[in-house]
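User: Please take a close look at one part of this model: the aromatic rings and their surroundings. Keep it brisk, and give the cut-offs as you go.

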Amino acid sequence: MFDTAIIAQTLLLSLTVAGLYASVASGLTLEFGVTRIINFAHGEFVMLGAFITYFLDTLYGVPPVIGMLVAGIAMAALSQLVFWAFLARVLRQDEHNQILATLGLSILILNLAVIWWSPDSRALHGPSLLPSLHLGGVTIPGNNLLVLLVGVILYIALISFISFTRYGVQLRLASDDPELAVLSGVNVNRMFGVSFVIGGFTAGIAGGLVALVLYVQPSVGLDLVVRAFAIVALAGLGSIPGAMIGAVLLSIAEGLTSTFVSHGASWSYGVAFLVIVLVLLVRPTGLFGKEMRA
């Protein structure tokens with residue numbers, strides 16, 4: 001018989017993890033939704049954001065929340081640089097070239113991180129930034145609550161930007177029909193660049209969240225981007241609202257597997273791969289995705 005307190009603790013912790021997953025996946029799906037480029041290097045931008053937050057705190061005493069914002073701005077700037085110097089050149093090329101370009105960039109950044117900082121894991125050891133939440137026999141650590149809070153704020157801000165701002169309208173038009181967007185006076189290439197700036201900012205913020213609740217190491221971005229791809233596949237490529245739902249579903253599936261399945265901690269990472277395979281077999285467009293134009 002399952003203990004209700006353990007189930008409640010697992011579900012609540014899973015929701016806080018969903019905040020991190022949604023932060024990673026929202027930027028990834030925005031970049032794809034607008035440019036149709038699958039950015040395999042997105043996880044490495046998350047990793048760089050985690051290292052920036054970690055080093056700012058441990059070397060210079062910068063509070064993690066400030067470090068997180070700095071990481072977001074730095075990754076937005078780096079994403080803009082990478083897009084115009086590198087990815088913009090493959091926008092009109094075959095999708096295989098685009099995949100190879102972002103995959104190569106991912107491998108390059110990962111290897112440079114290993115050379116510069118070693119594969120060793122690091123952890124922030126500062127105090128919790130929020131008080132822990134106690135509900136009956138359930139306790140949620142304060143930093144986990146902060147991860148959920150930041151994830152929700154980031155998600156709402158992104159949806160609001162896309163839905164209610166002039167740039168958001170132009171982004172949607174450039175995504176839905178680039179030719180019509182050009183005829184309407186929209187600078188489509190500029191909008192593609194804007195999507196990568198936003199994606200880079202969310203990746204940097206997600207990296208700051210990683211530094212708060214996980215170990216900081218060069219491979220952390222790879223681990224997270226696989227989960228992000230599972231979320232994006234589950235939600236549907238390009239669906240930002242679906243990314244939050246996908247993040248919740250995946251984190252709960254991982255949490256329940258890790259808690260109630262024998263050796264579940266080892267299996268939880270495989271849940272992401274299982275989600276990808278099942279979605280591709282049953283509903284290739286995902287829960288909220290649309291058929292892609294030819």
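Analyst: **Rings, charges and helices**

Arg-166 places its charged end over the ring of Tyr-167, 5.3 Å from the ring centre. The rule asks for CZ of Arg or NZ of Lys within 6 Å of the ring centre and within 35 degrees of the ring normal. This is a predicted model, where local features need pLDDT of at least 70, side-chain atom pairs count only at pLDDT 80 or more, and totals for chains, interfaces and linings use all residues. Residues are numbered from 1 along each chain as its sequence is written, and side-chain values use heavy atoms, with hydrogens and water left out.

Arg-36 also has its charged end over a ring, that of Phe-32, at 5.8 Å from the centre. Arg-36 lies in the loop between α1 (4-35) and α2. Helices here are DSSP runs of H or I with at least four residues, strands are runs of E with at least two, and both are numbered from the N terminus. Arg-36 is partly exposed because its relative accessibility is 30%. On that scale, buried is under 20% relative accessible area, exposed is over 50%, and partly exposed is in between, with a 1.4 Å probe and protein chains only. The backbone of Arg-36 has a positive phi near 65°, and Arg-36 is not glycine. Most residues other than glycine have a negative phi.

Now the ring pairs. Rings of Phe, Tyr and Trp (its six-membered ring) pair if their centres lie within 6.5 Å; planes under 30 degrees apart are stacked, over 60 edge-to-face, and the rest tilted. The model has eight aromatic pairs by this rule. One of them joins Tyr-54 and Phe-55: their centres are 5.3 Å apart and their planes meet at 70°, so the pair is edge-to-face. Phe-51, Tyr-54, Phe-55, Trp-116 and Trp-117 are linked by ring pairs into a cluster.

Phe-55 is partly exposed, because its relative accessible area is 22%.

Tyr-54 belongs to helix α2. Helix α2 covers residues 42-60, which makes 19 residues. From first C-alpha to last, α2 reaches 27 Å, close to the expected 27 Å. The expected span is 1.5 Å times one less than the number of residues. Just after α2 comes Gly-61, with a positive phi of about 70°. For scale, the C-alpha of Tyr-54 is 44 Å from that of Ser-184, 130 residues apart along the chain.

Next, Ser-118. Ser-118 sits in the loop between α4 (95-117) and β1 (133-135). Phi of Ser-118 is positive too, near 70°, in a residue other than glycine. Ser-118 counts as partly exposed because its relative accessible area is 22%.

Back to α1, which holds Ile-6. Ile-6 is partly exposed because its relative accessibility is 41%.
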